[in-house]
Amino acid sequence: MTSIEIALLVLAVMLLGYVLGRVTAPEPAPPPAPPLDEPVPAKSSAPRTDLLHIESLNGPVLILRGTWVEAANSAACSLLGRRIVGSDIRLTVRHPALLDAVEQVMADGASDEREITGLGGGGLGQGNRSFRLRALADAEGRCIVLLDDVTQAKATERMRVDFVANASHELRTPLATLTGFIETLQGPAAEDEPARQRFLGIMAQEADRMRRLIDDLMSLSRIELDKFIRPNQPLNLAGIASEVARTLAMRLEADQRQLVIDEPAGLPPVIADRDQVLQVLHNLVSNALKYGRSGTPISVSLVAGGDHVRISVRDIGEGIAPEHLPRLTERFYRVDSQRSRTMGGTGLGLAIVKHIVERHRGRLEIDSRQGEGTVVSFTLPAAPG
Ligand code: ADP
């Protein structure tokens with residue numbers, strides 16, 4: 001909520017108080033806040049509806065006179081319970097930071113702003129939510145409390161910080177290897193030709209790892225930029241899996257793997273971005289190559305299903321333990337980091353897949369059986385008939 005909105009709210013409350021004061025009999029003075037050991041008085045028969053304008057505000061809003069809650073919007077009632085209206089906040093909310101903010105404002109008339117957690121702890125997972133609380137006094141000596149749910153914003157910020165730390169770490173590792181070998185080649189191994197050749201080979205591999213990582217990071221950021229722009233062009237999927245097979249032909253052959261494509265004739269066109277579908281298939285077949293058993297086939301099947309086409313990539317291999325499945329699409333999450341790195345993985349392949357599928361409003365499913373193998377499938381919306 002902006003400061004202009006807050007100012008408007010205060011003005012609206014004042015104006016309403018003034019109008020009510022003129023057209024209705026003056027309101028009886030509010031009951032004084034009871035001492036803490038007194039039971040909560042029964043709330044008035046109907047919740048106050050005269051402050052309807054606070055309903056139009058998104059976040060929870062309370063209006064207090066002293067510690068007495070005069071009004072609360074629906075968001076505040078669903079967070080703190082409907083019984084707060086007409087109650088003493090010290091008895092019904094019992095949140096020290098909120099009470100402290102209200103007390104401060106009532107004492108010196110200034111405003112108070114702070115971040116609080118643990119409000120509305122009764123509801124499902126509500127106690128973990130974080131709010132930015134702003135409390136301010138109006139001209140009638142009431143205290144307006146505005147709560148802004150910042151849980152999501154904080155989680156996003158934490159993810160961003162973690163992501164930057166992870167990406168830096170991933171880049172630093174090959175860089176440290178490169179620096180180490182450069183120093184060795186400049187010093188002790190300067191005249192050692194066989195060592196020189198071997199080290200240069202490792203350096204080339206590490207440089208390639210850095211390039212793949214940067215490519216994947218760039219892909220992710222491009223996909224994130226486009227994530228709210230839904231693809232709008234029809235795409236014929238015929239031949240798309242064969243194109244991926246051609247790109248990966250050398251790797252498939254080196255591991256004696258065959259890509260078996262099941263692509264029925266007459267598949268309906270989908271609404272999709274061709275390059276991104278190719279990228280998803282490339283990442284999934286690459287994973288089947290990296291983590292499936294050498295010499296076993298990898299199958300890609302395309303199946304029409306009403307309003308969508310489902311594409312599945314299946315491998316035969318060790319599979320993935322169930323506890324890892326929900327986290328596989330997180331950036332840099334790997335079941336076995338060493339294995340992923342040895343196989344040339346960046347830890348970003350499935351995160352890219354997830355973002356692309358989400359952009360297409362499709363569904364991604366990962367199904368795996370330990371000792372048998374893994375099937376990753378995704379849907380793409382069929383183009384309207
Ligand atoms: P990576 O670059 O490490 O392969 P991904 O995001 O593509 O990163 O995959 C994340 C992790 O999921 C991998 O490190 C691997 O542990 C696991 N994984 C992905 N695909 C498969 C698969 N087909 N079989 C077994 N494990 C897989």
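Me: What is the mean pLDDT of the chain?
Reply: This is a predicted model, where local features need pLDDT of at least 70, side-chain atom pairs count only at pLDDT 80 or more, and totals for chains, interfaces and linings use all residues. Residues are numbered from 1 along each chain as its sequence is written, and side-chain values use heavy atoms, with hydrogens and water left out. The mean pLDDT (the predictor's confidence in each residue, from 0 to 100) is 87, and 85% of residues reach 70 or more.

Me: Where does pLDDT stay under 50?
Reply: Over residues 11–50. Where pLDDT is low, the predicted coordinates should not be read in detail.

Me: How many residues has the largest nonpolar core?
Reply: It has 44. Such a core is a set of buried (under 20% relative accessible area, 1.4 Å probe, protein chains only) Ala, Val, Leu, Ile, Met, Phe, Trp, Tyr and Cys residues joined through side-chain atoms within 4.5 Å. Leu-237, Leu-284 and Val-313 are among those with the most contacts inside this core.

Me: Where does this core lie?
Reply: Domain 2 (154–225) and domain 3 (234–381), with bounds from an automatic or database domain assignment, both give residues to this core, so it lies between them.

Me: What does Val-313 touch?
Reply: Leaving out residues up to four places away in sequence, its contacts (heavy atoms within 4.5 Å) include Leu-281, Leu-284, Ile-298 and Val-376.

Me: Which residues are in the other core?
Reply: That core, apart from the 44-residue one, has 25 residues, among them Leu-62, Val-69, Val-93 and Val-145.

How values were computed. Buried means under 20% relative accessible area, exposed over 50%, partly exposed in between (1.4 Å probe, protein chains only).
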